[in-house]
Amino acid sequence: MPAPDSPAPEPAGRRARPVRADARRNRDHLLAVAREAFAATDGRTSLDAIAREAGVGIGTLYRHFPTREALVEAIYAAELDAVVDSVPALLAEHEQAPEAALRAWADRYAAFVAAKRGLSDTLRAGWAAGTIATPATRERLTAAIAPILDAGAASGSLRADVTPEEVTLLLLGVFLSTTAADSPHLTGPMLDLIVDAVRVAPDR
């Protein structure tokens, strides 16, 4: 149940007011704290504990996230946006080496997968019940890979015959297999193998 100091609903037809900068900072801070708390406790932390760790009252948390599902959905959406939106900066940073941008992005994707583990129970239940919208995760991640592969094909450093869908499947295979085998130390070496498979060999 929302805290007593939750704001009253906006009257129908009234345009939503812009989010104040301090409210946006509070929301972002709550998301960051909640993301760390869920990861550290495998999703078992309470909303009260998150509010205390963030240094805010529970009413503030409820104003931003009326339910646990709303908080988890917001964390997932923010993490997905971050990994997708990281591509332009990585390409700019590794302008002369798109293969390095691909490897760095694979690490960012791995961090997204790791962050999702603490949210998985709530996400699965919310998706099944329809209380959390089903995101187009694979489609968005696959689309994010395309500019990296295009840049690599144009520079001659990455194979032009490899599709974003194929790279996505390879990455998912790594994350699923290392999680199932409880072998996170193998993730990095296996990601190296994927980039090596996509890189153009010197004698080609």
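1. Start with Leu71. Leaving out residues up to four places away in sequence, Leu71 touches Leu31, Ala34, Phe38, Leu47, Ile50 and Phe65. Contact here means heavy atoms within 4.5 Å. The model is predicted: local features need pLDDT of at least 70, side-chain atom pairs count only at pLDDT 80 or more, and totals for chains, interfaces and linings use all residues. Residues are numbered from 1 along each chain as its sequence is written, and side-chain values use heavy atoms, with hydrogens and water left out.

2. Leu71 also belongs to the largest nonpolar core, which has 51 residues. A nonpolar core is a set of buried Ala, Val, Leu, Ile, Met, Phe, Trp, Tyr and Cys residues joined through side-chain atoms within 4.5 Å. Buried means under 20% relative accessible area, exposed over 50%, and partly exposed in between (1.4 Å probe, protein chains only). Which members touch the most other members of this core? They are Ile50, Leu71, Trp105, Tyr109 and Leu171.

3. Next, the aromatic rings. A pair of aromatic rings is described by the distance of the centres and the angle of the planes. Rings of Phe, Tyr and Trp (its six-membered ring) pair if their centres lie within 6.5 Å; planes under 30 degrees apart count as stacked, over 60 as edge-to-face and the rest as tilted. The count by this rule is five aromatic pairs. One of them joins Tyr109 and Phe112: the centres are 6.4 Å apart, the planes are at 35 degrees, and the pair is tilted.

4. Tyr109 and Phe112 are three residues apart in helix H6 (residues 98-117), so about one helical turn separates them. Helices (H or I, at least four residues) and strands (E, at least two) are DSSP runs, numbered from the N terminus. Tyr109 is buried at 3% relative accessibility. Phe112 is buried too, at 2%.

5. Tyr109 has another ring partner, Phe175: the centres are 4.9 Å apart and the planes at 70 degrees, so this pair is edge-to-face. Tyr109 is in helix H6 and Phe175 in helix H9 (residues 164-180), so the pair ties together parts 66 residues apart in sequence. Phe175 is buried, with a relative accessible area of 4%. One aromatic cluster holds Tyr76, Trp105, Tyr109, Phe112, Trp127 and Phe175.

6. Now the helix packing. How do H4 and H6 pack? Their axes are 10 Å apart, at an angle of about 175 degrees. Axes are lines fitted to C-alpha atoms, for helices over the stretch in contact, and angles run from 0 to 180 degrees between N-to-C directions. H4 is therefore roughly antiparallel to H6. Angles under 35 degrees count as roughly parallel, over 145 as roughly antiparallel, 65 to 115 as roughly perpendicular and the rest as oblique.

7. Helix H4 (residues 68-85) also meets helix H7 (residues 120-129): the axes come within 10 Å and cross at roughly 105 degrees. That makes H4 roughly perpendicular to H7. Arg68, Glu69, Val72 and Tyr76 in H4 meet Thr122, Leu123 and Trp127 in H7.

8. Thr187 sits in helix H10 (residues 187-198). Is Thr187 buried or exposed? Thr187 is buried, at 14% relative accessibility. Beyond its neighbours within four places in sequence, Thr187 contacts Ala110, Val174, Phe175 and Thr178.

9. Last, a backbone detail. Asp42 is not a glycine, yet has a positive phi of about 55 degrees. Asp42 lies in the loop between helix H1 (21-41) and helix H2 (47-54). At 47% relative accessibility, Asp42 is partly exposed.
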